[in-house]
Amino acid sequence: MRELSVSTITDTVAKMCEEANVYLGEDVSGALKRSLEIEESPTGQEVLKQLIYNLEIAKNEQIPICQDTGFAVFFVELGQDVHLTGGTLEEAINAGVKQGYTEGYLRKSIVKDPLYERKNTGDNTPAVIYTDIVPGDKIKIAFAPKGGGSENMSAVKMLKPADGEEGLVDFVVNHVKAAGPNPCPPIVVGVGIGGTFDRVAVQAKKALFRPVGQPHPDSRYAGLEKKILSKINDLGVGPQGFGGRVFALAVHIETFPSHIASMAAAVNINCHACRHLEKVI
Amino acid sequence: MEPKKITAPLSDDDVLSLKAGDNVLISGVIYTARDAAHKKLIELMEKGEPLPIDLHGQIIYYVGPTPARPGQVIGSAGPTTSGRMDAYTPKMLESGMKACIGKGLRNQAVKDALQKHRGLYLAAVGGAGALLSKKIKKCEVVAYPELGAEAIHRLEVEDFPATVINDAYGSDLYAEGAKAYAR
């Protein structure tokens, strides 16, 4: 059994919050640069140039890429041979979020009561945390600050098994079309298929943590990702919705086994600032 | 196409000289407001009480910046989703506002009000908050400091880039742009 003080988790999380909001991963910045070669619309090209320049300014001057520094979302894989000391995992992560968002001059965007007072918690906590217990003595922490504008453009639909591939493609493409310019295109589209009502939404979220453009390991789903991406880009919505050929940078699908009666589907959209970071302790 | 330079506050002539799809560079004074500040402004209008800012000719920017680091004018400061302000925008135009800057779709009532009151809906590039912050030369809170990032800020901007989405003639770049590049 490996003993680990939770303060190590807090420190790691605090650094991750600051880093993810200022430096965009090379998977995403690379995809943006490549999209500049594909984009045909002059206005669309101008938008992409501004976005690429924005990343430079953010990195060089430590200004967050976007003012919406997000809801702090974590997928944690906790090795079952790790014994945490000095507190709980959840407390440690939230303490890290508080520290990172305060010291990093990040926006605090979380209100305590969702319906009535809507009073800001002041430190961007609580985080949304999904934990899996896995073999081994390590902890893998994946973090994404998830913006509200793109998150608002999410959907779950309980499709029928008979709807098949065509029904799924229609659901995703029509939903993304309706979202249009709102989620700050060029977007990354996370798609969940299978599981229950709740699980499918988590799968769609998980899909956004995958390095942008890395295809699904199953070639059928990799092909489906390409097919949906092409249909989305053919809508002509383009960067920021000003018209153009690059509405989406990537489509990522994550599946889960399904009940015989169901074929749950979910769409979770990320803006072009598809911020995500992974650390292993 | 070269961007057109405009100076805020705007006149009716400024508004009428611009069409959907035009790129502009804005200089001058603009004000920020998001949902919470709009709600307060509309409440005052309904009670017939004076507003904390004179809306005539003004450009309102939908933004909630990140806190400024020491030495910075403002933190990251890109546009937020405009649709959340749809319920308030016709009243704001009626009270003299000439343009608003945000990102994303507006409803028909807003588009109609832009035509009726000669106004513009502009979009800045969403998620370019670091770049846009460099165009803001001065920033001060002028109303509702208790709202934090959502307080009304007075901003002095220089060559702040934006694109006209909805003009005073009923044109809509979001609809027309997508049509031009769809296959």
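Predicted model: local features only at pLDDT ≥ 70, side-chain atom pairs only at ≥ 80, totals over all residues.

Tutor: Happy to! Where they touch, domain 1 of chain A contributes nine residues and domain 2 of chain A contributes eight residues. On the domain 1 side, strand E2 (71-79) and strand E5 (139-146) of chain A each provide at least two residues, and E5(A) has the largest share, with three residues. By class, that side of domain 1 of chain A holds seven nonpolar, no polar and two charged residues.

Now for the helix pair. Two packed helices are described by the angle between their axes and the distance between the axes. For helix H6 (residues 164-179) and helix H8 (residues 219-233) of chain A, the axes come within 10 Å and cross at roughly 40 degrees. H6(A) and H8(A) are therefore oblique to each other, and the crossing of H6(A) past H8(A) is right-handed.

Which residues make this contact? From H6(A) come Glu165(A), Val169(A), Val172(A), Val173(A) and Val176(A), and they meet Leu224(A), Lys227(A), Ile228(A), Lys231(A) and Ile232(A) of H8(A). Sorted by class, the residues of the contact of H6(A) with H8(A) are seven nonpolar, no polar and three charged.

How values were computed:
Residues numbered from 1 in each chain as written. Chains lettered and ligands numbered in written order. Contact = placed C-beta atoms within 7 Å. Helix = DSSP H or I, 4+ residues; strand = E, 2+ residues; numbered from the N terminus. Nonpolar A, V, L, I, M, F, W, Y, C, P; charged D, E, K, R; others polar. Axes fitted to C-alpha atoms, helices over the stretch in contact; angles between N-to-C directions. Parallel < 35°, antiparallel > 145°, perpendicular 65-115°, else oblique. Left-handed = near helix turned anticlockwise from the far one by under 90°.
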